[in-house]
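Biologist: I am new to reading protein structures. Could you pick a single part, take a close look at it with me, and then show me how the rest compares?

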Amino acid sequence: MAKVFNVNGACRSEKHYMVDLSSRLEAIKKMVDDGEYFTVNRARQFGKTTTLNALADYLRSDYEVVSLDFQTMGALSFEDEESFVEAFAGELLDNVEDFPDGIEEQFLAFAERTARINSLNALFRTIKQWCGKLEKAPVLIIDEVDTATNNQVFVDFLAQLRAYYLKRPKTPAYQSVILAGVYDIRNVRRKMRSEEEHKTNSPWNIAADFNVDMSFSVSDIAGMLNDYESDYNTGMDVGEMALLLYSYTSGYPYLTSRLCKLMDERLAESEVFPNKTAAWTREGVMEAVKLLENETNPLFLSLKNKVEDYPKLRSVLYDLLFTGKPIPYTPMNDYIEIASMFGFIRNENGTAVIFNRIFETVLYNWFMSDEYSTSGIYDAGLREKNQFVIGGHLNVRRIMERFVESFDELYGDQDEAFLEDVGRRYFMLFLKPIINGEGNSYVEAETRNRERTDLVIDYHGDQFVIECKIWRGNAYNERGENQLTEYLEHFHLKKGYMLSFNFNKKKQIVIQEIVLRDKVIVEAVV
């Protein structure tokens, strides 16, 4: 059976194209060898379950591995202590093949509620006996652990784990405990309802830091593509393809695999891409990105739900996307912590940035969609969109000309504070109906600030770079032109575009071409 790219559930190396997990497993095993208790908290569809399954197999030669999934226990299992003990004992019986003499019967009594008392204390006394009789040190792995984190019984369970961890020099206990989920188990109040805020925060303060990078590096992606290439011989440039995929996803596992799956299964043998060789190209990646950004998948729905659950999170993301205001990456800030925990942002040199280009575009489109029905500048782009595509190619100069005219007509009498805040966003609103369904655009995180934003447009295999900036005088403008030429060099482009918002009342609204070295810059002033 041929391998496929998998985005549904855990990956298995015999069935799916995967990155090489060996370095990650080695690093995690070192933590287990050191007797660490720790949490693997990563965003949805970040490869946690795949990694844990591989880890369980990796550890079995040295340890007695007990691998559980709290999601299979059901919500009622966490309503009270007796229900939890019954369900937990049942999970152990289902997932452990052999128990030492007398231990299985004790767990069976808990699972059938025939024990003298179904309490956490009694359960952990049996666990202590079990650990003491094993030939190999036991390791407990629990996936989807945040299924339980809005219940007091789970806090009590963590307290017992902590107590036995501290008594390990004298009392048999797990060699290592690994809990995995989205929420950081050390701060379970994140999932507690408002009326439950009096509940104790997690007492599991023994948890070691988990610093293993689970995102895909360029070399990780290249390894996965080499495996695919050995099966299909498409002739792709694996290094270039891996770098391009990483540039859009920043190594987010689901997004990387989803793009690969789209190219392999949706694009190859389509009208535009007649075979796999045609699909595994730069143009194929751009088309796959467009398909991905316009689909409704479980990851995007999950992110949307999180923004709706945490209203202030929306304002943090909005500031990052539209205002260019730098936001320090401060984990002590609740909403920076939440945005990071859910995978919206990452820490880049002490500054919070949106995790990847795809998330940026999806969030841009969602946030701006609220304005589609009321925005005059969106309507202007929608009315005139047919004049901007000639022979299948985008005429960006004409787009800028009409935007300048429309913007001045609609908003020319607004004050500077208004124009500075909305100018760049309004250009994106004007652009949206023009490229919708045929291309996409994203903002380069490295250039986004209050003064400057570089917008990159992908359209039918062509790329365009437009620098949107605030006019701060001729000297500043010349620096911007030089910066843009450097950026064009990065994209291997000869022509770039500059949209300058000038708040000088005596300004002239112009479109002009500037030649700098071997580059041509089309500059519009509004």
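This is a predicted model: local features need pLDDT of at least 70, side-chain atom pairs count only at pLDDT 80 or more; totals for chains, interfaces and linings use all residues.

You can find Arg517 in the loop between strand E13 (511–516) and E14.

Glu295 sits in the loop that runs between helix H11 (282–293) and helix H12 (298–309). Is this residue buried or exposed? With a relative accessible area of 18%, which is under 20%, Glu295 is buried, because the limit for that word is 20%. Leaving out residues up to four places away in sequence, Glu295 touches Tyr254, Arg258 and Phe300. With one of them, Arg258, there is also a link between side chains: a polar contact of 2.9 Å joins Glu295 and Arg258.

Let's cross over to that partner. Arg258 belongs to helix H9, which covers residues 253–267. The relative accessible area of Arg258 is 15%, so this residue counts as buried too, under the 20% limit. Which residues does Arg258 touch, if we ignore those up to four places away in sequence? They are Val7, Arg266, Leu292 and Glu295. So the picture is this: a loop residue, Glu295, and a helix residue, Arg258, are joined through their side chains, and each is buried.

Other pairs in the model can be read in this way. Arg402 is in helix H17, residues 396–411. Its relative accessibility of 15% is below the 20% cut-off, and therefore Arg402 counts as buried. Its side chain makes a polar contact of 2.4 Å with the side chain of Glu384. Setting aside neighbours within four places in sequence, Arg402 is in contact with Glu384, Gln387, Phe388 and Phe430. Take Phe388 from that list: Arg402 and Phe388 are 14 residues apart in sequence, and their C-alpha atoms are 9.6 Å apart in space.

Then there is Lys276, in helix H10 (residues 276–279). A polar contact of 2.5 Å joins its side chain to that of Asp264. Not counting residues up to four places away in sequence, Lys276 touches Tyr228, Tyr232, Thr234, Asp264 and Ala268. For a sense of distance, the C-alpha atoms of Lys276 and Ile399 are separated by 34 Å, and the two residues are 123 positions apart along the chain.

Next, a look at backbone angles. Most residues other than glycine have a negative phi. Arg113 lies in the loop between helix H4 (103–112) and helix H5 (120–133).

How many residues of strand E12 (residues 495–501) are buried? The count is 6 of its 7 residues, so E12 is mostly covered. E12 pairs with strand E11 (residues 462–470) in the parallel sense over 5 bridges, and Tyr497 in E12 is the bridge partner of Ile466. E12 also pairs with strand E14 (residues 519–525), again in the parallel sense, over 6 bridges; here Met498 has Glu523 in E14 as its bridge partner.

Finally, let's step back to the whole protein. There are 19 helices and 14 strands, and 55% of the 526 residues count as buried. The C-alpha atoms fill a box of roughly 90 × 55 × 35 Å along the principal axes. Of the contacts with a separation of 6 or more, 69% are between residues 24 or more positions apart. The accessible surface comes to about 23,300 Å², with 46% of that belonging to carbon and sulfur atoms. As for charge, there are 60 positive and 83 negative side chains, and the centres of the two sets lie 4 Å apart.

Technical notes. Residues are numbered from 1 along each chain as its sequence is written. Side-chain values use heavy atoms; hydrogens and water are left out. Helices (H or I, at least four residues) and strands (E, at least two) are DSSP runs, numbered from the N terminus. Buried means under 20% relative accessible area, exposed over 50%, partly exposed in between (1.4 Å probe, protein chains only). A polar contact is a pair of N or O atoms within 3.5 Å; within protein, one must be able to donate a hydrogen and the other to accept it, and residues adjacent in sequence count only if both atoms are side-chain atoms. Contact means heavy atoms within 4.5 Å. Accessible areas come from the Shrake-Rupley method with a 1.4 Å probe; for residues, only the protein chains shown count as cover. Lys and Arg count as positive and Asp and Glu as negative; His and the chain ends are not counted. The place of a charge is taken as NZ of Lys, CZ of Arg, CG of Asp or CD of Glu. Two strands pair if DSSP finds at least two bridges between them.
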